[in-house]
Amino acid sequence: MTSSPDVILHQGARSEPERFRIVPARHHARTAGTIFGIVVLAAVLNSVLGNPRWGWDVFAEWFFDPAVLAGLGRTLLLTLLGAACGFALGTVLALARVSSSPLLSALSWGFVWLFRSIPLIVLLLLINNLGYLYETITLGVPFTGIEFLSFPTTQTITPFMAAVIGLTLNMGAFSAEMIRGGILSVDQGQHEAAAALGLPKGRESRRIVLPQAMRAILPTAFNEIIGLAKGTSVVYILALPELFYTIQIIYRRNLEVIPLLMVATIWYVVILSVLSVVQYYVERYYARGALRTLPPDPLRRALDWAGLFPRTLARDVAQQAAVAAAPRVGAQSWSGKLPKGGAVSIRNLGKSFGANRVMDNVTLDFPSGSVTAILGQSGSGKSTLLRTINHLERADEGLIQIDGQPVGYRREGSTLYELKEPEIRRKRVDVGMVFQSFNLFPHLTVLENIIEAPIAVRGQRREDAIALAQDLLARVGLSDKAAAYPRQLSGGQQQRVAIARTLALKPKVLLFDEPTSALDPELVNEVLDVIKELAKSGTTLIIVTHEIGFAREVADRVVFMEQGRILEVGTPEKVFNRPDHPRTAEFLAKVL
């Protein structure tokens, strides 16, 4: 046998690794640009600091003057009140704008249209002169003459109150559109997941939608707050001595215009700088779960570098080691852990989207504890059928019952009266749904995802909900992932968390909408193993799937759909080996 001379090693000799010196690429244009920037900055600083006409001695004299500080305090107070009240009003307006009520949406739009149209200075003058239009402000019952309280307008609406009201109305109109844009940026699947878990609408908005919307809202919101801090100078029209008006009064007396303007400028720069730091940390807070790992913040890096807080990194390493060492418990039997399955009855169900008939006279029965696989090509109505069972989609006609109770309706004879949304959500908890794209809440940890609905919907104590969540995570083999965020998990792990989250409500019926279609092939089995164990639990399972082998192994019944109709129902052995309908045979011939 021969070897290339380049790779021959003498017997007994040991090869030493060749060491290379790495020379980074040189960026001459970048270096030149840096030098140019330094020169320009030095020239500007020399021009400003070296010119005695800037009056830096006068600047130093007035920068901390009590009158200036009083004006600064008034500016900060106006900014705080205008921003807090404006964003509170804007949140209400945004929620009204996206609500299903046409009247509320129209009123919100009208408010935003009006107060975005009126210049702030005009609005302030109008509010300050309301006493000319209305002598008193009265609280009572309209159109009856009944009065509870009455105040003179001129004494109630002082210049300061007029400024707060004007800034609030102006900020409310602009912030409403910012918040509405943030709400619209939240994926629709998040709304559907919250609805499927039965979360009340208010809690959905507060815990699920708004925290995610904040990432889109915050950059523009802080721009508006910074603009508001500077825009408070317009209240000088009301002779209100905030920072800018105070500076004007002073330089009109001593004629030192430039130094006093620099006093105002530097204070505005300080305000902006503080707000920018606050913005960074607020955005970082709401970035939880948006990134796989948040980089250390500048303060923490500085403390670690200076050795002032040397244990931060060691503590993180210890926590990561503890998580890595946590026991990994595989999927366990669910027998005795879940309630008895509900019997689902569907009669003459019909549903159309415009001219497209997606379900046509569907009649099916799913016995208690049964496992049913629904097959069919894309667009055959499988997912829509699932979504009508838990009333995420309203059927146009027909009746769906679970254990003899209509889903989403109150029945009186042959008439069905749709329930109010809060009642629908309360009843929906008995019908759990696992989505194709997981729809985990990205800003909540795995543990928080699972305990949210039991606490809000079932009224469980937090301690009991956590214990249940830990048990569920052990059963899906994810005991060590309780503190992780969804983005830090693989697709298979996310789907198993989604299953655990649904099971936390202990539903009678479990709906699976293509639970493995969004997964890589090698991750499919870890999800299917959990569903196989669930199939032995006695809970009613209805599974839309393209996994023919899985359906053959797990299901006790198979349903084949085509163009919104049920073409075939039978045991896996019968449907897969001896289908009655030629379209079923044609479909199976392509996928088997």
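Neighbours within four places in sequence aside, Phe 87 is in contact (heavy atoms within 4.5 Å) with Met 171, Ser 175, Met 178, Ile 179, Ala 221 and Ile 225. The model is predicted, so to speak of local features pLDDT of at least 70 is needed, side-chain atom pairs count only at pLDDT 80 or more, and totals for chains, interfaces and linings use all residues. Residues are numbered from 1 along each chain as its sequence is written, and side-chain values use heavy atoms, with hydrogens and water left out.

Together with Ile 247 and Val 263, Phe 87 has the most contacts inside the largest nonpolar core, which has 59 residues. Such a core is a set of buried Ala, Val, Leu, Ile, Met, Phe, Trp, Tyr and Cys residues joined through side-chain atoms within 4.5 Å. At least two residues of this core come from each of the helices H2 (56-63), H3 (66-97), H4 (102-117), H5 (120-128), H8 (159-185), H10 (201-231), H11 (243-254) and H12 (257-286). Another core, of 39 residues, lies apart from it and includes Leu 447, Leu 489, Ala 498 and Val 530. Helices (H or I, at least four residues) and strands (E, at least two) are DSSP runs, numbered from the N terminus.

Two of these helices, H3 and H12, have axes that come within 12 Å and cross at roughly 40 degrees. This angle makes H3 oblique to H12, and their crossing is right-handed. At this meeting, Val 68, Leu 69, Leu 72, Thr 75 and Leu 76 in H3 touch Val 263, Trp 267 and Ile 271 in H12. Axes are lines fitted to C-alpha atoms, for helices over the stretch in contact, and angles run from 0 to 180 degrees between N-to-C directions. Angles under 35 degrees count as roughly parallel, over 145 as roughly antiparallel, 65 to 115 as roughly perpendicular and the rest as oblique. A crossing is right-handed if the near helix is turned clockwise from the far one by less than a right angle, and left-handed if anticlockwise.

Turning to the strands, an open sheet of six has the order E10-E11-E12-E5-E13-E14, with mixed pairing. E10 (431-434) and E14 are the edge strands, each pairing on one side only. Helix H23 (residues 582-591) packs on the sheet and touches E5, E13 and E14, its direction making about 100 degrees with that of E13.

Strand E13 (residues 557-562) has six of its six residues buried, that is, under 20% relative accessible area, with exposed over 50% and partly exposed in between (1.4 Å probe, protein chains only). Arg 557, Val 559 and Met 561 lie on one side of E13, and Val 558, Phe 560 and Glu 562 on the other. E13 runs parallel to E5 (residues 371-375), joined by four bridges, and Leu 375 stands opposite Phe 560. Strands pair if DSSP finds at least two bridges between them. With E14 (residues 565-570), E13 pairs in the antiparallel sense over five bridges; Ile 566 in E14 is the bridge partner of Met 561. E13 and E14 form a hairpin with two residues between them, where Gln 563 has a positive phi of about 50 degrees.

Two loop residues complete the picture. Leu 255, in the loop between H11 and H12, has a positive phi near 65 degrees and counts as exposed at 68% relative accessibility. Asn 439, in the loop between E10 and helix H17 (446-456), has a positive phi near 55 degrees but counts as buried at 8% relative accessibility.
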